[in-house]
Amino acid sequence: MDVLVGILNYLLFFSITAGVYAVLALGLNVQWGYTGLFNIGVAGFYAVGAYTSALVSGPPPGALDWRVFGGWGLPFPMGFAAAGVVAALVALLIGWITIRLKEDYLAIATIGIAEVLRLIIKNEAWLTNGVWGLKNIPSPWFQPVQSGVTAFLAARPQLPGWLVSLLKGAYSWVYLGLLAAVILALYFLVERALRSPWGRVLRAIREDEVAAAAQGKNVAAFKLQAFVLGSAIMGLAGSLYAHYARYLSVEKFEPLYGTFIVWVMLVAGGAGNNKGAILGAFLIWGLWAGTDFLTGYLPLSDVRASALRVVLIGVLLVGILLVRPRGILGEEKFVSRLFKG
Amino acid sequence: MWERIPQLIVYGLVSGSVITLGAVGLSLTYSILRFSNFAHGDLMTSGAYLGLGFLVLFSPLLPGRFGPLSFGPALIPAVLCAMAANAALAIGIDRLVYRHLRRAKAVLLLMASVGVAFVLRNLILFSAEADPLYFSHHIQRALRIGGVRVKADQLFILGVAVLAVLFLHVLLRYTKTGKAMRAMADNPELAQVSGINTERVVAWTWAVGAALAALGGILSGIENKLVTPELGWQTLLPLFAAVILGGIGSPYGAMLGGMTIGLAEEVSTAFISTAYKPAVAFGILVLMLLVRPQGLLGRR
C-alpha cells in the first residue's frame, strides 16, 4: 500500500509540473500555432510571471534577504492576475519593436529579452533576491486545507497508515484541482478565440501575410495582440509554478526548461491544436521524466546523463520536424457551420 | 573610470575579432540559405573543442612556442584540421537536417536550427563535460604601449580576424565559387537556371561559415585560455547583434558590427556591471532594429 501511495504522490507531482507546462504550451500555441510567431524567449515571460506573482502575493523581505522591494502579501488571485498583466506589458514592448519586421528579428529579440531578464533576476538582488532565490511563497488556501486535514486525522486515530500519508498530501490534490480549473478555463478561452473571426484572421496571417493585408486586415495589430495574449498566458504559468514550488531561483528559467522543452511539447502534440498542446506537455514531460529514470541505470555522471537526455529530446524535435511536422494531433480542419449543412 | 577606457578598447577589439569571425559566417549562411542559424554559436564551440583536440594531438610532434606568443607551431596544423573538421560537421548536419527542409518555410529551418543547437551543445557537454578545458597555462607578459597593456596573443587575434575578413572578401569577389554564392544570395532560382550547382554552393557556404566559426572559437580559447560548452550560447546574442548592426550579407558589415559590439560590451564595463555585457549587445540590437533594421552597410 505504501508503494502505491508513493506512486500516487509521484504522479500527482508529475501532473502538476506537466500542467504548468500545458499552460505554457497553450500560450505558445496562440503565438506559434495560430499566428506563426516564433518566440524562443518563453522562459522570459514565464519568469516575469513567476517573480511578479511572488512579489505581489509573497511575504515581505526577511532579515536574511537581500531584496528590499515587494512582498505585499496580497491574495493569490491578485498575484496571478498581476503575473499575466506584467508579462503582457513586456510582450507589448518587445512586440511593438519587432512585430513589423521579419520573423527572424522577433526570434532574436525574444531570445535576447529572455537572456536580459535572466541577468536581471541573477544580478538585481534588491528586487529578486538574486542567486539566493525567493523563498516562502505562499500556496493558496494551504493553511485551511492543512489544518482541516490535521483536525480530521486527530479525530480519527484508528485510520490505517497509508490513508494517513495520503491525506497528509491532500493539499497537492487541491492545487491540482486549481491548476486543472485554470487549464480548462484557458483552453475554452483560446479555443473560443481560435474559432472567432479574430482567430480566423490570425490563421490567415500565418498562412499568407500579404493576402491577409490585402483583405484590409491590420496584420501588425493582430500579430501584436496574439503575441501579447500568448505571453500573458505564459506569465500565468509562471504564477502557477511559483505558488506550488514556493521557491524561485534563476536556474528554473534557463532556456532548456523554460523554452526548449515547451517548444518540443507543442511541436510534438501538434501546433495549432490546443488539445495537442496539452497532450504534448504531458507526453514530453513523461518522456523527460522517463529518461531521467533510464539514464539513472547508465554508468554516467550527472552532467553526462542530463546532456544525453537533452540530445535525445533535441533529436526528437528535429525528427518530428522532418518526418511529421504536424505533430501527433495536427491542426483541426475548420469548416464553417454554413457549409456543413 | 575614464582612465580605464584605452585598456578596455584593447579588450574590445580582441573580443570584437572573435565576434567578427562568428558574425561573417552567420551573415553568409543567412544570405545564402535564408534563415537565421541559431546553432552558429555552437559551431564556434565545436570548432574550439576540435581545435583543442588537434592541439593535444600535434603538440608532442611540434613542441615549442613562437617568441612572445602563448602557443607554438602545433597550433597551425591544429587550426587547419579543426577548420576542416568543423566544415565537415556543418555539411554533415546540413545533409541530415536542413537539406530536407530546403523547400519548407524559413521559420521551420529556424526551429530546426534551435534543435540542432541544443543537440550540438549537449553532445559537446556529453563528451567533454562541463568543466572548462585549457588551451594553455602559459602566463604571458604583456607589452606596454603608452600606458596600455597588450599581449602578443591579442595582436595575433586581431591580425587573424582582419586576414579572415580579407580572405572572405577575395573569395566572394574574385573566385567562381564566390560569384556563385553572391548570385545565389541575390536570387536562388535565377542562379539555378543559369547552371549554378546550388547544392554545391550550399556545401561551400556551410564549409566557409563553419571554418571561420572554428577559427573564432579557437581564438576565443586562446584569449581566455579556456573553453566551456557554453561558449557558443554566450556568443549568440553578440553574433546576431553584430550581423544586424553591420547589415546582413556583407563581410565588412559583419566586421564593423562585430568590432562595434565587442568595443561596446567591453567599454560598457567601465560604467555598468560586467554581468550586463550581453544586455549591452541586446540594447544595441534593439536600437538598430528601431532605427535602421537593414543595418549600417545593408542594402535596401
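These legends accompany close-up views of a predicted model.

**View 1. The contact between chain B and chain A.** Chain B places 43 residues in contact with 44 residues of chain A. The area buried between the two chains is about 3,800 Å². Carbon and sulfur atoms give 80% of that area. Met111(B), Phe126(B) and Tyr276(B) supply 17% of what chain B buries against chain A, more than any other three residues.

**View 2. Polar links and the chain B side of the interface.** Seven residue pairs are in polar contact between chain B and chain A, counting pairs with both residues at pLDDT 80 or more. The count of salt bridges between these chains is one. Arg304(A) and Glu129(B) form a salt bridge through their side chains, at 3.5 Å from N to O. On chain B, the elements giving two or more residues to the side that touches chain A are α4 (106-128), α9 (231-246) and α11 (277-291). The largest share, 16 residues, comes from α4(B). By type, the residues on this side of chain B are 36 nonpolar, five polar and two charged.

**View 3. Aromatic pairs in chain A.** The count over all chains is 27 aromatic pairs. The ring centres of Tyr187(A) and Phe188(A) lie 5.5 Å apart, with planes at 75°, so this pair is edge-to-face. Tyr187(A) is buried, at 13% relative accessible area, whereas Phe188(A) is exposed, at 52%. Phe293(A) and Tyr297(A) also pair edge-to-face, 5.8 Å centre to centre and with 90° between the planes. Phe293(A) is exposed, at 58% relative accessible area. Tyr297(A) is exposed too, at 65%.

**View 4. A ring cluster in chain A.** Ring pairs link Tyr46(A), Tyr51(A), Tyr241(A) and Phe253(A).

Methods: Residues numbered from 1 in each chain as written. Chains lettered and ligands numbered in written order. Predicted model: local features only at pLDDT ≥ 70, side-chain atom pairs only at ≥ 80, totals over all residues. Heavy atoms only, no water. Contact = heavy atoms within 4.5 Å. Buried area = accessible area lost by both parts, 1.4 Å probe. Salt bridge = Lys/Arg side-chain N within 4 Å of Asp/Glu carboxyl O. Polar contact = N/O pair within 3.5 Å; in protein donor to acceptor, adjacent residues only side chain to side chain. Helix = DSSP H or I, 4+ residues; strand = E, 2+ residues; numbered from the N terminus. Nonpolar A, V, L, I, M, F, W, Y, C, P; charged D, E, K, R; others polar. Phe/Tyr/Trp six-rings, centres within 6.5 Å; stacked < 30°, edge-to-face > 60°. Buried < 20%, exposed > 50% of the residue type's maximum accessible area, 1.4 Å probe, protein only.
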